[in-house]
Amino acid sequence: MSNNKTLDSVKSNQTTQNSTSGDNHKNPYRKAALTKLFLITAVGVGLSLISSAKLAATGLADKKDSGSIKPQILAGKVTKSLEQFSFTTEQGVQYHVADPSNILDDLAKKRRIVDSLYTLNRVRVKAVISKAGNYGHMGYYERQLTIVGIADR
């Protein structure tokens, strides 16, 4: 009977050791899952930081360009074609044109241009310059002019 007790105690010790060591190896995918969770969290934090940096940069750019809200006087050439409505300054800078009041179309009529597609040379406009972005056909232009009037010479 003492042998049975000894065997029983040895078996119970082995069972206890197996169950405690089995807890560490119970799920072989646990380490991989924790690693993936850590990486996903790290990527999320990184993207959050990048997004915050972009917002801060945009805020600084808005403050820097705050003077561009006032209309400016620009001289140059207007081109209105099928897929393009642009203004090119005398220095060669190109802008997409937004003319909600049809001020340039009226100027073309005053210059006796009857075609809806035209080129106007030596034009002085009052316009608001947009923030940097993608404007015009297929986003070709970096900035846009919103025409608010014709400037006196």
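Contact, in this talk, means heavy atoms within 4.5 Å. Keep that in mind as we go. The structure on the screen is a predicted model.

T88 is in strand β2. Set aside its neighbours within four places in sequence. T88 is then in contact with A75, G76, K77, V93 and Q94. Is T88 buried or exposed? The cut-off for buried is under 20% relative accessible area. T88 has 18% relative accessibility, so T88 counts as buried.

Now the whole chain. The protein chain has 3 helices and 5 strands. Along the sequence, the pattern reads α-α-β-β-β-α-β-β. There are 153 residues in the protein chain, and buried ones make up 22% of them. What about contacts along the sequence? Take those between residues at least 6 apart. Of these, 54% join residues at least 24 apart.

Next, the sheet pairings. β1 and β4 run antiparallel, joined by 8 bridges. One example is I73, whose bridge partner in β4 is K126. β4 also runs antiparallel to β5, and 5 bridges join that pair. Here V125 has its bridge partner in β5, namely I150.

On to the core. As a general point, nonpolar side chains in soluble globular proteins tend to be buried together. In this model, the largest nonpolar core has 18 residues. Which residues have the most contacts inside it? They are V78, F87, L104, V125, L145 and I147. Which elements supply at least two residues each? The strands are β1 (72–80), β2 (85–89), β3 (94–98), β4 (118–129) and β5 (144–150), and the helix is α3 (103–110). β4 gives the most, with 6 residues.

Look at V78 in detail. Leave out residues up to four places away in sequence. V78 touches F85, S86, F87, L104, Y118, T119, L120 and V123. Two of those partners, F87 and L104, are also on the list of residues with the most contacts inside the core.

Now α3. Its buried residues are I103, L104, D105, L107 and A108. What covers them? The cover includes β1, β2, β3, β4 and β5. Just after α3, R112 takes a positive phi of about 65°. That is one to click on when you check backbone torsions.

V43, L47 and I50 make a nonpolar surface patch of about 300 Å². I50 is in helix α2, residues 30–64. An α-helix has 3.6 residues a turn, so residues three or four places apart point the same way. Is I50 buried or exposed? Exposed means over 50% relative accessible area. I50 has 51%, so I50 is exposed.

Last stop, L82. L82 is found in the loop between β1 and β2. With a relative accessible area of 76%, L82 is exposed. How far apart are L82 and L117 in space? The C-alpha to C-alpha distance is 7.0 Å, although L82 and L117 are 35 residues apart in sequence.

To recap. The core of 18 residues includes V78, F87 and L104. β4 gives the most to that core, and β4 is joined by bridges to β1 and to β5.

Terms used. Residues numbered from 1 in each chain as written. Predicted model: local features only at pLDDT ≥ 70, side-chain atom pairs only at ≥ 80, totals over all residues. Heavy atoms only, no water. Core = buried A, V, L, I, M, F, W, Y, C linked by side-chain atoms within 4.5 Å. Buried < 20%, exposed > 50% of the residue type's maximum accessible area, 1.4 Å probe, protein only. Helix = DSSP H or I, 4+ residues; strand = E, 2+ residues; numbered from the N terminus. Patch = residues over 30% accessible without salt bridge, like charges linked within 9 Å, V, L, I, M, F, W, Y side chains within 5 Å. Areas by Shrake-Rupley, 256 points an atom, 1.4 Å probe, with all protein chains shown as cover. Salt bridge = Lys/Arg side-chain N within 4 Å of Asp/Glu carboxyl O. Pairing = 2+ DSSP bridges.
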